[in-house]
Amino acid sequence: MKAAQDRQQAAPGAFTAFARFVLCGGGVGVASGFAVAALASRIPWALANALVTALSTLLATELHARFTFGAGGRATRRQHAQSAGSAVAAYAVTCAAMFALHQLAAAPGAMLEQAVYLTASALAGIARFAVLRLVVFARGRSQAAATARTALSLPAAVARAGAPTSVAELCRAA
């Protein structure tokens, strides 16, 4: 009971969680960029990217469970699967944005490509944050909140059930 209340109290607000999401996700993203470059010198780039993406998604999900969303422990298999699904969706959004750019502009410049890619990444990141906060890591908080509400309302309900409700009952009880 106390642990559920502690976890509920430890859950950060939306702004704090978003700042932590950017910090954790950005940190893992930067490290992943270096890891892909280093690994791609030994194996094909597509394989290096796939391996690093899988490992970075696992690492980021653990960081989000423990630090970003205050879930109170390690991420579950279900949370890892849902997080991976949101990462795949974000990847699809950035690929679709780049495909659309190349359909609309025959030879877009590097600055335009970066602007489109970063905009799509930012929008996908915001959507991914919402999915992780409201779906993937929300279950633990909502269950803890329900448990805490039940525990807090139980003594009042017991007191109401045991207390006399009319003047006649009060007189008989005295």
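Predicted model: local features only at pLDDT ≥ 70, side-chain atom pairs only at ≥ 80, totals over all residues.

Reader: Which residues form a nonpolar patch on the surface?

Author: Phe-18, Val-22, Leu-123 and Ile-126, with about 360 Å² of accessible area together. Areas are Shrake-Rupley with a 1.4 Å probe, and for residues only the protein chains shown count as cover. Patch residues have over 30% relative accessible area and no salt bridge; nonpolar side chains (Val, Leu, Ile, Met, Phe, Trp, Tyr) are joined within 5 Å, like charges within 9 Å. A salt bridge is a Lys or Arg side-chain nitrogen within 4 Å of an Asp or Glu carboxyl oxygen.

Reader: Why does Phe-18 count as partly exposed?

Author: Because its relative accessibility is 32%. Buried is under 20%, exposed over 50%, partly exposed in between. Phe-18 sits in helix α2. Helices are DSSP runs (H or I, at least four residues; strands are E, at least two), numbered from the N terminus.

Reader: Which residues of α2 are buried?

Author: Ala-17, Phe-21, Cys-24, Val-28, Ser-32 and Val-36. Their cover includes α3 (45-68) and α5, counting contacts as heavy atoms within 4.5 Å.

Reader: What does Ala-17 touch?

Author: Pro-12, Thr-68, Phe-69, Phe-129 and Arg-133, leaving out residues up to four places away in sequence.

Definitions and conventions
Residues numbered from 1 in each chain as written. Heavy atoms only, no water. Buried < 20%, exposed > 50% of the residue type's maximum accessible area, 1.4 Å probe, protein only.
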